[in-house]
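Please look over the following structure before reading on.

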Amino acid sequence: YCVLDEKGVFRDKNFQQAVAVLNKKGMDNESDKGTKKGKKRKSNQKAIGSDISKIVRMIMERKYDPVIVFSFSKRECEAYAMQLVKLDFTTDEEKKSITEIFQNAIDSLSD
């Protein structure tokens, strides 16, 4: 659901639809607890994770960054991190700066 168009206009209707879908999925997951539907739930988590990857990729491509993704599940958070590790949004110059900052931090720890 596109909740922010290319001009930066917030689309309330799309936001409400997205929230409704997320609430429905949350209720479905709650009803699955304690049942033998765990396999279905895992495939659902993969679908949600790929959605997160698509959303983050779209945000970065359209220069709406920075972005923060919240997850209240440790398992989902780890799954999202594993999917997003494949994405690279830093330029060569930024990578050089990151390496330099990291190395300086490590060097200061050894002092």
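Where is the place of Ser53? Ser53 lies in helix H2, which covers residues 38-61; helices (H or I, at least four residues) and strands (E, at least two) are DSSP runs, numbered from the N terminus. The model is predicted: local features need pLDDT of at least 70, side-chain atom pairs count only at pLDDT 80 or more, and totals for chains, interfaces and linings use all residues. Residues are numbered from 1 along each chain as its sequence is written, and side-chain values use heavy atoms, with hydrogens and water left out.

Ser53 counts as buried because its relative accessibility is 9%. Buried means under 20% relative accessible area, exposed over 50%, and partly exposed in between (1.4 Å probe, protein chains only). Leaving aside residues up to four places away in sequence, Ser53 touches Gln83, Leu84 and Leu87, where contact means heavy atoms within 4.5 Å.

Leu4 is placed in the segment before helix H1 (12-32). With 31% relative accessibility, Leu4 counts as partly exposed.

For the protein chain as a whole, there are four helices and zero strands, and the pattern along the sequence reads α-α-α-α. Of the 111 residues in the protein chain, 12% are buried. Taking contacts in the protein chain between residues at least 6 apart in sequence, 47% join residues at least 24 apart. The protein chain has an accessible surface of about 9,500 Å², and 58% of this belongs to carbon and sulfur atoms; accessible areas come from the Shrake-Rupley method with a 1.4 Å probe, and for residues only the protein chains shown count as cover.
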